[in-house]
Amino acid sequence: MNNSIINIVYCTDSNYLEHVGVSITSIILNNKSNNIHFHIFLYDVSDEEKNKLKEISSAITLYSIPIDELNKYIDIKNEKVKHINRSMYIRLSVPRLLPDYIDKFIYLDADILCFGDISPVLNINIDSVVCAVTADSLNDDNLLANANRLSLGNKKYFNSGFLYINSQNWKKFDTENKANQILLSPENYNLIYPDQDALNIVLQERVVFVDVKWNYLFTWMNDEEKESFFHHKKSLPYFVHFTGPRKIWYAEHKGLAQDLYIFYKHFTPWSDVVLKSYQSKMRPVDYRVYAKQFLKKGHIIQAIKYYITYLIK
């Protein structure tokens, strides 16, 4: 048993609360011997929903975010990444809002599931950096393209869905204000991944890159791997990050990953909530992706139907 407390932070609004509950449950079920405390920063969440979250574990502390903490981000528009909402910006202020005795914590996005014992995080040394991060791609050319897009000196680019943060160093380096200056500057309105880009610019010399097993992106897997990947316990990452808008919690996105999501969901107060449809959120590119998937499975008529819709849109 590991007696050291592992603090984990999520930031969410009502849209993602259920998914935070499922993510927390996946951590609890894979870490029975670890002392983990969850800190959830919320806005626009009803008392009823807050109580559901608290039902999951007594090791959950809720923090209500004042709306003025978020209003400064209200004008940030992003045409390329529309599935992102304002709750993601809360992560910038977490080290300031957490109690001072919490010197280190893991920040996680809501679309992450845990598949193993995460106590090795305590062996990651972040004493001399602001945080530990993971690469945003397995492809060096992709990393370089993003680094060049933002003129990063270290030529590396990280994904901000997992951050292992040194609270004091974050505050000493004035990370929150530096990131906000970038986010709120008109000349930077075209950042593709707003706060992720801003953090990459601000922290480029202040991070340590760790194994991608701490934040393994689902989009890195091909269709075959998405079905076989989870059968190999020894090679499973600590966290799988279900990036992109086509989330496993939408009814249409069937497969082993969705089955695992539903399994963890079964242990939450949202177990009876049916999966919602993705139909209303469909973008032109989604029709193209679906057309390709149906074609691979031999469903020719459906593939043609989706591809024609893609062309029309």
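Where is Ile36 found? Ile36 sits in strand S2, where strands (E, at least two residues) and helices (H or I, at least four) are DSSP runs numbered from the N terminus. Before going further, a word on what you're looking at: this is a predicted model, in which local features need pLDDT of at least 70 and side-chain atom pairs count only at pLDDT 80 or more, while totals for chains, interfaces and linings use all residues. Residues are numbered from 1 along each chain as its sequence is written, and side-chain values use heavy atoms, with hydrogens and water left out.

Back to Ile36. With a relative accessible area of 10%, Ile36 is buried; here buried means under 20% relative accessible area, exposed means over 50%, and partly exposed is in between (1.4 Å probe, protein chains only). Ile36 and Ile6 are 30 residues apart in sequence, yet their C-alpha atoms are 4.7 Å apart in space.

Now follow S2 itself, which covers residues 34-42. S2 runs parallel to strand S3 (residues 60-64), and 5 bridges join them; two strands pair if DSSP finds at least two bridges between them. If you want a spot to check, look at His39, which stands opposite Thr61 in S3. Helix H2 (residues 47-56) belongs with these two strands: S2, H2 and S3 make a right-handed β-α-β unit. Right-handed means that, with the strands pointing away from the viewer, the path from the first strand over the helix to the second runs clockwise.

Next, strand S6, at residues 131-135. S6 is mostly covered, with 5 of its 5 residues buried. What does S6 pair with in the antiparallel sense? That partner is strand S7 (residues 158-166), over 4 bridges, and Ala135 stands opposite Phe158 in S7. S6 also runs parallel to strand S8 (residues 207-209), joined by 3 bridges, with Val133 opposite Phe209 in S8.

S7 has a further link to explore, to strand S4. The two run antiparallel, with 5 bridges between them, and Ile106 stands opposite Tyr164 in S7. S4 (residues 104-108) is mostly covered too, with 4 of its 5 residues buried.

There's also an open sheet of 3 strands to pick out, in the order S5-S10-S9 and with mixed pairing. S5 and strand S9 (216-217) stand at the edges, each with a single partner strand, so one side of each is left without a neighbour in the sheet. S5 and strand S10 (residues 239-241) run antiparallel, joined by 3 bridges, and the bridge partner of Leu113 in S10 is Val240.

Leu113 turns up again when we turn to the inside. How many cavities of 30 Å³ or more are there? The count comes to 1. A cavity is a set of points, on a 1 Å grid over the protein atoms alone, where a 1.4 Å probe fits but cannot get out, and lining residues have an atom within 4 Å of a point. The largest cavity has a volume of about 40 Å³, volume being the space filled by probe spheres set on the points, which are joined across faces, edges and corners. Its lining is made by Ala110, Asp111, Ile112, Leu113, Phe242, Ile248, Trp249 and Tyr261. That lining divides into 7 nonpolar residues, no polar and 1 charged, with Ala, Val, Leu, Ile, Met, Phe, Trp, Tyr, Cys and Pro counted as nonpolar, Asp, Glu, Lys and Arg as charged, and the others, Gly among them, as polar.

A few loop residues deserve a stop as well. Ser119 is in the loop between strand S5 (112-114) and S6, and is buried, at 14% relative accessible area.

Now for some backbone angles. Most residues other than glycine have a negative phi. Lys155, however, has a positive phi, near 60°. Lys155 is placed in the loop between helix H5 (140-149) and S7, and counts as partly exposed at 41% relative accessibility. Asp174 likewise has a positive phi near 60°. Asp174 lies in the loop between helix H6 (167-172) and helix H7 (175-183), and at 34% relative accessibility Asp174 counts as partly exposed.

Finally, step back to the whole chain. The chain is divided into domain 1 (6-216) and domain 2 (282-312), with bounds that come from an automatic or database domain assignment. The C-alpha centres of domain 1 and domain 2 lie 34 Å apart.

Key. On a 1 Å grid over the protein atoms alone, a cavity is a set of points where a 1.4 Å probe fits but cannot get out, and a pocket is an open set with protein on both sides within 12 Å along at least five of seven lines; lining residues have an atom within 4 Å of a point.
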